[in-house]
Amino acid sequence: LKEAELSTRKAIELKPNFADAHYNLGNTLRALGKLEDAELSQRKAIELKPDFAEAHSNLGSILMSDLDNFKEAEVSLLKAIALNRNLAKAYYCLSILNSLCDDKSWQDRLFSESILNDQRKKDLVDIYFARANILEENYNFSEASNFLKKANNLNRNIYGSNYSDISIGIESSYKVWEETKIDLNHTKNTIIPIFIVGLPRSGKTMTESILACNDKLIKCGENSSLRKSIEIYLKAKENSLNPSLSKIYFDNIELDIFGKSFICTTTPLDLIYIGLITSQINTAKVIYCYRNPLDQIKEMYKKNMFNKHTYSCSIVESANLYIEVYSLMKEYQKRYNSKIYFLNYDDLVANTGEEIKHLLDWLGWKNNNKYLEPNLDRTTIKITGTLDQQRINKNEISSWKNYRDLLKPAIE
């Protein structure tokens, strides 16, 4: 991504009015987490090419997903559809914003047969997920289930499944840990890394938002620092060196952590490396987020994750992985009880104050009311009515019951 940014900036340097280059730069910057810059690049693409439907759509997506500017997001998305009536991504974004949309005329086009013509497979996935979102909001769970099946089956057809890769990764990492099993009792680094792990839709981002109320903590979100560090660490071990995973990890963090006492990450598949984290990074803390398995499997199945977490396109694979991960975490907890905390999302939502207090006590932090008012990410709130009504979404607890037939394989 960094090389892509450099190349695209070079293109703009050579041809400043190249709208496609500004559009591509915006996409790259967003992937790098540079959200304000990404917005500016999309706006520049639109300035140079006002009828650039994809740029309007991506601007809307940035505004709704990353900058919480819902109304302006709706305007951009509707503009994109006005320019290109078949732009699937814009419909998908609008389906997420639907309860806040004043104009719902786009829904007629979304459910028309003609919109399906001449669409690429991955665009059809967006259309099917968008239809499912609208149907669920109208309590038509049976039809929503049908479109979720279509969306996930097609997504599987495009991207395959990474279930085997994750399972093999878990097993391989566990074996490396078993072979090492020498816990480091010293470290020169005083910063405490907090790894919030768990499958998608388990409350990791919300937990990070709560902890971020501590001004001594820096949020790193999802990133690849640990995976890269472990690759370097294992390669050094193969060469009979005596590497320090802790040093390698802190050397590979790309954020400025000066003056901070805690760093926090939410990369889901860091859970593969829990044995190495807890045994080789002495100051590390691990928070494992989990929830009612049927709710979690349903939430993963109804979210369009494209080429990420493709196991989620299968109810059975998601169920198997949930069991495998939970069992793995229990095994590690037996040895590292003081370093691994099990956080139940359902309890956090139902008894927020009490559960936050337990978590802060475990971290050794002073309890404070500020942790009860975190700046929540849009993905952790329920978008209904006015913006003042956005809160932690308690409606998702036991919502699997609306999809009982769809989830029969997981129940079994």
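**S225.** I began with S225, which sits in helix α12 (residues 225-238) of this predicted model. Is S225 buried or exposed? Its relative accessibility is 9%, so I put S225 down as buried, the cut-off being under 20%. I then looked up its partners beyond four places in sequence and found S225 in contact with Y249, N252, I253 and E254. For N252 I also noted a polar approach: a polar atom of the S225 side chain lies 3.4 Å from the backbone oxygen of N252.

**Helix α3.** I checked the length of α3, residues 35-48, next. With 14 residues at 1.5 Å a residue, the helix should span 20 Å, and I found its end C-alpha atoms 20 Å apart, which agrees. Which residues of α3 are buried? I listed L35, A38, E39, S41, Q42, A45 and I46. Viewed down the axis of α3, these buried residues fall within an arc of 160°, so I recorded them as lining one face of the helix. On the other side of α3 I found E36, L40 and E47 exposed. I also asked what covers the buried residues of α3; the cover includes α2 (19-31) and α4 (53-65).

**Cores.** I turned to the nonpolar cores. The largest has 53 residues, and I noted L77, Y91, L97, W106, L110, L148 and Y403 as those with the most contacts inside it. Helix α8 (residues 121-137) supplies the largest share of this core, 9 residues. I followed up Y403: with neighbours within four places in sequence left aside, Y403 is in contact with E136, F141, A144, S145, L148 and K298. I then found a second, separate core of 45 residues, which includes V176, I230, I257 and Y311. As a general matter, nonpolar side chains tend to be buried together in soluble globular proteins.

Last, I looked at backbone angles. Most residues other than glycine have a negative phi. I placed F306 in the loop between α15 (293-301) and α16 (315-335). I placed S398 in the loop between α18 (352-363) and α19 (408-411). With a relative accessible area of 31%, S398 is partly exposed.

How values were computed:
Residues numbered from 1 in each chain as written. Predicted model: local features only at pLDDT ≥ 70, side-chain atom pairs only at ≥ 80, totals over all residues. Heavy atoms only, no water. Helix = DSSP H or I, 4+ residues; strand = E, 2+ residues; numbered from the N terminus. Expected span 1.5 Å × (residues − 1). Buried < 20%, exposed > 50% of the residue type's maximum accessible area, 1.4 Å probe, protein only. Arc of directions from axis to C-beta. Contact = heavy atoms within 4.5 Å. Core = buried A, V, L, I, M, F, W, Y, C linked by side-chain atoms within 4.5 Å. Polar contact = N/O pair within 3.5 Å; in protein donor to acceptor, adjacent residues only side chain to side chain.
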